[in-house]
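Trainee: I would like a close look at one residue, followed by its surroundings. Please keep it plain.

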Amino acid sequence: MKKNPVHSILFLLTLALIIIPILFPFVWMLMSSFKTQVDIISWPPKFIFTPVMQNYERVFIEQDFLHYMKNSLIVSVVSVFFSLVLGLPAAYSIARYKQKKLSIFILIARLMPGISFLMPWYIVFSRLRLMDSYIALILSHMLIALPLVVWVMSPYFDSVPRELEEAAMVDGLTQQSAFVKILLPLSGPGIVTATTLSFIFSWNNFMFSQVLSQQKTRTLPIAVYNFLSYVEVDWGAVMAAAVTIMAPAIILTMFFQKYVVKGLTMGAVKG
Amino acid sequence: MIRQGFFEKNLRYLFPLPAVIFVVVLMVFPVGYTFFLSFTDWSLTSGRPLSVVGMKSYLQVLSEPRFLEALGRTFYFTFGSVIVEMVLGTVLALALNRTFKGKGVVKTLLLLPLVATPVAIGIVWNLFYDPTIGILNYVLSVLKLPQSGWVSDAKTVMPSLIIVDIWQWTPMITIIVLAGLAGLSSEPYESAMVDGANGRQVLFLITLPMLMPTILTAVILRAIDALKTYDIIYSMTGGGPGYASENLNVLAFKYSFEYFRMGQSAVMLVFLFLIVLLFSLAVMRLRRAFEQ
């Protein structure tokens, strides 16, 4: 087909109409995080201003966001790790033995409202004196990550030809060591998808941490939320906090774009 | 010879076992406990021990206007946002469904709202919606339109929250539909070309019907998440002004962790659970129907 200049211009306009609304909140957040309070509340809103670092100083020096960031990292990394440990063998078994009911059973955890588990957890964890502990948070976040691992990995294992493991088993490996030594090393892309997605969902989680964590184990989303309520809306600092919390998930997404798309479209698109 | 010890013979049970135990302990027991609590009048603040009262908590909750309003709002929010997301998301996907320079970058940009922390998104939109310093009221004033109270006004709070949901989740529908479009077979298009079909006929008679399974599954998955919306609403309005933006999840959260009325909260959770379960069964039915 030959290119029609009018069509190209129309297409560029369409692109702009799609991209600008998506991007604008991020741009505005980033800009505001470098503005003084005076610049933020000025009317009309300012697009040109002298950038300052004071908001980030407030967030990292006065508010100790590094502490919350460390908590978020511990909870996300450890819960994703254990979800892989539990989820990978389960996904393998579902793929090899066509355990449909089992897969639905685990996927239900992805669909059910988290709050219907959270209230009983709160009661039990209080009794066990596990409130504000990493264990409680990690267990709760594993219920987010585990279904995602199974969701992504069982179709993935299903697509790897069985012959590979069978050959290894003929050579004397047990099935479980064929799984660990042959199949897992071949499953890099699937594991990256599962890990990235579950890390992001755990990192962003608000409700579980809101109830189960206090000062010691508080994660970033709660810290940002609390910041909003007790600072006399210092918008610049709040925006700096918002940038801080979003940055890791966004950077991960940029690195692993293809994998994130795969994970998100899985299940809806047959393939 | 393939070795077959006890472990290998029972691999199909042993491999999933840890995951199953985990889900039973952290999901099945808690849900069962919530069902049990819904038949009690337990309240952490009353100091009385828990007593089973049958359907009393159900009757209390069902006669509570705040609950009924939250129930209605849950559906209003879900349908309001998901229908727009479905139409807009599909239109965007059709517009982007061609090869062009920078398509990879555009796809990455589409992902950003999906992976951004909801609480932080809520805060940014609150800055947009601020009646005195927000950029949205500024735009309205430039256009000589009346300004709005957005989330601070009980009349406009729900549409304002729906707009945020649409901003955040339309790209997901777009990404899924784009993936669906990439997987369509080219045969029907070739025969349509031979038959001399025009662009609109191709779209409505070939593309959209072939995409329907993908779109419907995506939409129901989205609806399930929209029914449970919590982060955006709680962080932007806390359910206010007054109770004007409470959905079931926010209301149940308050009953559990602000008023500590566990019995009544459990009733609300049972309702939310059943609604989500119905939608989930619908997805599974649909997928099975399409697979045949």
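Trainee: Why does Lys46(A) count as partly exposed?

Mentor: Before the answer, a note on what is shown: this is a predicted model, in which local features need pLDDT of at least 70 and side-chain atom pairs count only at pLDDT 80 or more, while totals for chains, interfaces and linings use all residues. Residues are numbered from 1 along each chain as its sequence is written, and chains are lettered from A, with ligands numbered from 1, in the order in which they are written.

Lys46(A) counts as partly exposed because 14 C-beta neighbours lie inside 10 Å. The rule is that a residue is buried if 20 or more other C-beta atoms lie within 10 Å of its own, exposed if 12 or fewer, and partly exposed in between, with C-beta atoms placed from the backbone. Lys46(A) is found in the loop between α2 (37-40) and α3 (54-62) of chain A. Helices (H or I, at least four residues) and strands (E, at least two) are DSSP runs, numbered from the N terminus. From Lys46(A) to Ser103(A), 57 residues along the chain, the C-alpha atoms are separated by 52 Å.

Another loop residue, Ser133(A), sits between α6 (115-127) and α7 (134-159) of chain A. Ser133(A) is also partly exposed, because its C-beta neighbours inside 10 Å number 17. Its C-alpha atom is 26 Å from that of Ala247(A), which is 114 residues away along the chain.

Chain A has 14 helices and zero strands. Its C-alpha atoms fill a box of roughly 75 × 70 × 30 Å along the principal axes. Of the 271 residues in chain A, 49% are buried. Two residues are in contact if their C-beta atoms, placed from the backbone, lie within 7 Å. Among the contacts of chain A with a separation of 6 or more, 79% join residues 24 or more positions apart.

How far can chain A be trusted? The predictor's confidence in each residue, pLDDT, runs from 0 to 100. The average for chain A is 88, and 96% of the residues score at least 70. Within chain A, helix α12 (residues 220-230) has the lowest confidence, at a mean of 83, and helix α4 (residues 65-97) the highest, at 94. Where pLDDT is low, the predicted coordinates should not be read in detail. For the model, ipTM is 0.90 and pTM is 0.91.

Next comes the partner chain. In contact across the two chains are 74 residues of chain A and 74 residues of chain B. The side of chain A that touches chain B gets the most from helix α1 (residues 5-33) of chain A, which gives 12 residues. That side is made up of 61 nonpolar residues, 13 polar and no charged. Here Ala, Val, Leu, Ile, Met, Phe, Trp, Tyr, Cys and Pro count as nonpolar, Asp, Glu, Lys and Arg as charged, and the others, Gly among them, as polar.

A nonpolar core is a set of buried Ala, Val, Leu, Ile, Met, Phe, Trp, Tyr and Cys residues joined through C-beta atoms within 7 Å. The largest one has 161 residues, of which Leu146(A), Val149(A), Val224(A), Ala242(A) and Met268(B) touch the most other members. Helix α7(A) provides the largest share of this core, 17 residues. From chain B, domain 1 (1-30) and domain 2 (38-291) each supply at least three residues to this core; these bounds come from an automatic or database domain assignment. The C-alpha centres of the two domains of chain B are 36 Å apart. Beyond its neighbours within four places in sequence, Val149(A) has contacts that include Ser83(A), Leu84(A), Ala91(A) and Ser198(A).

Chain B also has a helix worth a look. Helix α13 (residues 248-257) of chain B is largely enclosed by the rest of the structure, because nine of its 10 residues are buried. Among these buried residues are Leu248(B), Phe253(B), Lys254(B) and Tyr255(B). Over the whole of chain B, 42% of the 292 residues count as buried.
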